[in-house]
Amino acid sequence: PNADGYILSSSAAGVRSWIEIPNHILTSKTTDNSNSLAGVDEILSNSVIQAGTLSTNGSWFEVKVVGTTASNSNVKSLYQKFNGTTLIENTTTTAPNGLRFVIHCNCMRISNTTLKCFSTIEFDGIAPQSSYLELSALDLNANPYNLDFVVNSVSSSDVTMYFSNGYKLDF
């Protein structure tokens, strides 16, 4: 079935079947546009990091979001959030006009209660930004956490997300 949690797999012989997404893939979504009203946060990509996903110290996840902004002078705020906490936001280039963007976020489990996250955002290589954030008071073994790409813009289709991919590694 074409449903959340499944991907279409194909063998070398051309046999295709729906299989569950491997646990190392956190999120995979393609093409979405902002459609919200001005000043309203809109989630374009959401993934839930299930309890126990980052099961050992040193395990980490990476998320990459790629897209473009409309060719206008509207303010466009883009955020990558972990359970509501902003990991990175475009504070340098606040009104990107017809620019492509790439967001990278890497978070490593230091302990069951702590993640260290390093994130970057670029608009066509103009004024790249980076952010380091330590998240604490978590319970990664027992609680699920949301990972969201959020947009707040002035008009419909100010931001187009081409894809959002995330995966985890255990050591």
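Is Glu134 buried, exposed or partly exposed? Glu134 is partly exposed, with a relative accessible area of 42%, where buried means under 20% relative accessible area, exposed over 50%, and partly exposed in between (1.4 Å probe, protein chains only). The model is a predicted one, in which local features need pLDDT of at least 70 and side-chain atom pairs count only at pLDDT 80 or more, whereas totals for chains, interfaces and linings use all residues. Residues are numbered from 1 along each chain as its sequence is written, and side-chain values use heavy atoms, with hydrogens and water left out.

Glu134 takes part in one of the two salt bridges found in a search of the whole structure. A salt bridge is here a side-chain nitrogen of Lys or Arg within 4 Å of a carboxyl oxygen of Asp or Glu. The partner of Glu134 is Lys116, and the closest N and O atoms are 4.0 Å apart. Because Glu134 lies in strand β10 and Lys116 in strand β9, the pair ties together parts that are 18 residues apart in sequence; strands (E, at least two residues) and helices (H or I, at least four) are DSSP runs, numbered from the N terminus. Lys116 is also partly exposed, at a relative accessible area of 32%.

A salt bridge also joins the side chains of Arg100 and Asp124, at 2.8 Å from N to O. This pair links distant parts of the chain, with Arg100 in strand β8 and Asp124 in the loop between β9 and β10 (126-135), 24 residues apart. Arg100 is exposed, with a relative accessible area of 55%, while Asp124 counts as partly exposed at 35% relative accessibility.

The structure holds one disulfide, defined as a pair of cysteine sulfur atoms within 2.5 Å. The bond is formed by Cys107 and Cys117, whose sulfur atoms are 2.1 Å apart. Distant parts of the chain are linked by this pair, Cys107 being in strand β8 and Cys117 in strand β9, ten residues apart. The torsion about the S-S bond of Cys107 and Cys117 is about 115°, so the disulfide is right-handed. Both cysteines, Cys107 and Cys117, are buried. Cys105 is in no disulfide, and the nearest cysteine sulfur, that of Cys107, is 6.4 Å away. Cys105 is buried as well, with a relative accessible area of 0%.

Four strands form an open sheet in the order β4-β11-β6-β7, with antiparallel pairing; two strands pair if DSSP finds at least two bridges between them. β4 and β7 are the edge strands, each pairing on one side only. Seven bridges connect β4 and β11 in the antiparallel sense, and Ile43 stands opposite Val150 in β11.

The largest nonpolar core has 28 residues. Such a core is a set of buried Ala, Val, Leu, Ile, Met, Phe, Trp, Tyr and Cys residues joined through side-chain atoms within 4.5 Å. Among the elements that give two or more residues to this core are β4 (42-49), β6 (76-82), β8 (100-111) and β11 (145-153). The residues with the most contacts inside the core include Phe61, Leu78, Phe101 and Phe149. Leaving aside neighbours within four places in sequence, Phe149 is in contact (heavy atoms within 4.5 Å) with residues including Ile43, Val65, Leu78, Phe101, Ile103 and Met161.
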